[in-house]
Amino acid sequence: MKSDYIRPLDIKHGRVDMSHGSGGRAMAQLIEELFAKHLSNEYLAQGDDGARLPAVNGRLVMSTDAHVVSPLFFPGGDIGCLSVHGTINDVAVMGATPLYLAAGFVLEEGFALADLARIVESMAQAAKEAGVPIVTGDTKVVEAGKADGVFITTTGVGVLRQGVDLSGANARPGDAVFVSGPIGDHGTAVMVARGELALEVDLESDTAPVAASAQKLCALGTDLRWMRDPTRGGLATALNELAQQSGLAISIDEHALPVRPEVAGTCEILGIDPLYVACEGRLIAVIASGAVERALSALGAEAADVGEVRAEPEGLVLLQTTLGGSRVVDMLVGDPLPRIC
């Protein structure tokens, strides 16, 4: 037996220790027996400090996102698949086709290898289903108590096809505002999963890739003005960003908003407006009025036409309430639900 022999990782009972971030053999073993095992692809197998990727024909789109969700595992997902979906969705709503991901891990000393393996397997499955490989990455370890289990940063790259140029500045009065499905599922599911509320709600996160829906909308050509995924701050924050970017007003119909009863009920108990609760598998789009039917057909049965772009009052979002009045939907100073992504 060689004197430098290292036993295989004990995935079932083992834990992360400081040597796993040292850059030595223990770290190489963690990468080989856990990360590379589940995330393997031809680019990751190059084994260099970066990945050499094929040339692409078109403009590149790049986005990065850090994920610190608590708890790490929640109904409908976990930090692993969330870190994949969150970044490829940011690329997709730019109108681009997501191509590759990079992932950076900050691990806390003492974190269970079984939980880490579960997270990496979830990432691998999400990347495979989306057709977006994780081609390079990095791992760091910090002392016990200096983190919260694991933090993951992902960076995504995609290619923008010719003629696609989405921006809130493209919006015009009369355009329709769409959401691709019910809002607030993710933030509510994570909040309930923390176990601090003594609530029993049968609800799962909506974490999922939106690239397929985004590409269908891109087929509308210039009738598609803008897209966004309403994560932190929810629909309200995304629409306020649109109003500021366009210099126009956004009017939404409360009656038309798709909100599950479980989400509405939980938010009512907590005094939180569902408009500000994060989604992780939805997109918002602004569509020319003449393309409304085509957009509904492209997005599917859960999609809803929830409002319109107006000329005035400039830069504001208005909610037309079910009681017949209206109120300003402002951007909050902070997120009422921290660490939901």
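Tutor: Buried means under 20% relative accessible area, exposed means over 50%, and partly exposed lies in between, with a 1.4 Å probe and protein chains only. This is a predicted model, in which local features need pLDDT of at least 70, side-chain atom pairs count only at pLDDT 80 or more, and totals for chains, interfaces and linings use all residues. Residues are numbered from 1 along each chain as its sequence is written, and side-chain values use heavy atoms, with hydrogens and water left out.

Student: Which residues of α1 are buried?

Tutor: In α1 the buried residues are Ala26, Met27, Gln29, Leu30, Leu34, Phe35 and Leu39. They pack against β4 (96-108), α3 and β5 (134-142). Helices (H or I, at least four residues) and strands (E, at least two) are DSSP runs, numbered from the N terminus.

Student: How do you know that the span of α1 agrees with its number of residues?

Tutor: The expected span of a helix is 1.5 Å times one less than its number of residues. Helix α1 (residues 25-39) has 15 residues and should therefore span 21 Å; its end C-alpha atoms are 20 Å apart, which agrees.

Student: What is the kink in α1, and where is it centred?

Tutor: The kink is about 35 degrees and is centred on Glu32. The bend at a residue is the angle between axes fitted to the seven residues ending there and the seven starting there.

Student: Why is Leu113 called buried?

Tutor: Leu113 has 2% relative accessibility, so it counts as buried. This residue is found in helix α3 (residues 113-130). Contact means heavy atoms within 4.5 Å. Leaving aside neighbours within four places in sequence, Leu113 is in contact with Leu9, Asp10, Ile11, Gly14, Arg15, Val16, Leu30 and Leu34. The C-alpha atoms of Leu113 and Gly14 are separated by 5.5 Å, although these residues are 99 apart along the chain.

Student: Why does Thr322 count as exposed?

Tutor: Its relative accessibility is 54%, and Thr322 therefore counts as exposed. Thr322 is placed in the loop between β12 (317-320) and β13 (326-328). Apart from neighbours within four places in sequence, Thr322 is in contact with Glu254 and His255. Between Thr322 and Arg7 there are 65 Å in space, C-alpha to C-alpha, and 315 residues in sequence.

Student: Why is Asp185 buried rather than exposed?

Tutor: Asp185 has a relative accessible area of 2%, and so it is buried. Its place is in helix α4 (residues 185-193). Beyond neighbours within four places in sequence, its contacts include Leu203, Glu204, Arg260 and Arg282.

Student: What makes a space a pocket or a cavity?

Tutor: On a 1 Å grid over the protein atoms alone, a cavity is a set of points where a 1.4 Å probe fits but cannot get out, and a pocket is an open set with protein on both sides within 12 Å along at least five of seven lines; lining residues have an atom within 4 Å of a point. Grid points are joined across faces, edges and corners, and a volume is the space filled by probe spheres set on the points. A search of the whole structure finds one cavity of 30 Å³ or more.

Student: What lines the largest pocket?

Tutor: There are 23 lining residues, of which Ile31, Leu44, Asp48, Thr136 and Gly137 lie nearest the centre of the largest pocket. The elements giving two or more residues to this lining are α1, β4 and β5. The largest share, seven residues, comes from α1.

Student: How is the lining of the second largest pocket divided by class?

Tutor: Ala, Val, Leu, Ile, Met, Phe, Trp, Tyr, Cys and Pro count as nonpolar, Asp, Glu, Lys and Arg as charged, and the others, Gly among them, as polar. The lining of the second largest pocket has two nonpolar, three polar and six charged residues. Helix α6 (residues 234-246) gives the most to it, with four residues.

Student: What makes α6 mostly covered?

Tutor: In α6, 10 of its 13 residues are buried, and the helix is mostly covered. What covers these buried residues includes β7 (176-179), β8 (224-228) and β12.
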